[in-house]
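Welcome! Take a moment to turn the model around before reading on.

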Amino acid sequence: MIIAIDGPAASGKGTLSRRLAEEYGFHHLDTGLTYRATAKALIDAGLPLDDEKVAEKVAKGVELAGLDRDILSSHEIGEAASKIAVMPSVRRALVEAQRDFSQREPGTVLDGRDIGTVVCPDARVKLYVTASPDVRARRRYDEILAKGGVADYAAIFADVKKRDERDMGRADSPLKPAEDAYLLDTSEMSIEAAFQAAKVIIDAALKTT
């Protein structure tokens, strides 16, 4: 049982994915962290971020178990990850690792930008989680403040828009809903409401197995 969850930055797909994995006892993978882990490994080793062969080699050595979200969520690592994420050979290496992960029993929940379209096109359930750029920027702003950080809403909003353009406009695996994905717009929806809506869809799919 593979559940594929795609969507833009700060749409709530990560929180929803973790909760669904816990609910069903499935393995969870935030595929964005695989790119961030590759970027961190390059930075830690003092390696260049613009050498595709080097980045591919590092990507092939990334261990998907135990990726630390707190460590990998820094802005510096995110910027570095966006540079290597456009490299076709790095994407191929990480997609292969993500597909291997998706086969774990009894089931998996993978979230990212291209799960339903590229990584797991045969996933039993596909969800596309989105929200307006303003709502997503506000969520990220509130999250930073809640952790005691300092944030500039205008800068976050600009970053969200920039990431959307980059993710949706790239030639290799652009962000878009799979044709058979269920759309969940969380702009006016609490995480609990989104969870319940997703659960209805997944439970229906489980009954048909």
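Predicted model: local features only at pLDDT ≥ 70, side-chain atom pairs only at ≥ 80, totals over all residues.

**Helix α6**

Let us begin with α6, which covers residues 88-102.

The axes of α3 and α6 are 8 Å apart and meet at an angle of about 10°. Because angles under 35 degrees count as roughly parallel, the two helices are roughly parallel. On the α3 side, the contact is made by E52, A55, E56, A59 and K60, while α6 brings P88, S89, V90, A93 and L94. Six residues of this contact are nonpolar, one is polar and three are charged.

**The core**

The largest nonpolar core holds 30 residues, and Y35, I84, V90, L110 and C120 have the most contacts inside it. Among the elements that each supply at least two residues are β1, α2, α3, α5, α6 and α7. Another core, of 17 residues, lies apart from it and includes A21, V109, L184 and I201.

**Two residues up close**

T38 is found in helix α2. Why does T38 count as buried? Its relative accessibility is 0%, and buried means under 20%. The table leaves out residues up to four places away in sequence.

| Residue | Residues touched |
|---|---|
| V90 | Y35, E52, A55, E56, A59 and I84 |
| T38 | A55, V58, A59, V62, I84 and L94 |

Key: Residues numbered from 1 in each chain as written. Heavy atoms only, no water. Helix = DSSP H or I, 4+ residues; strand = E, 2+ residues; numbered from the N terminus. Expected span 1.5 Å × (residues − 1). Core = buried A, V, L, I, M, F, W, Y, C linked by side-chain atoms within 4.5 Å. Buried < 20%, exposed > 50% of the residue type's maximum accessible area, 1.4 Å probe, protein only. Contact = heavy atoms within 4.5 Å. Axes fitted to C-alpha atoms, helices over the stretch in contact; angles between N-to-C directions. Parallel < 35°, antiparallel > 145°, perpendicular 65-115°, else oblique. Nonpolar A, V, L, I, M, F, W, Y, C, P; charged D, E, K, R; others polar.
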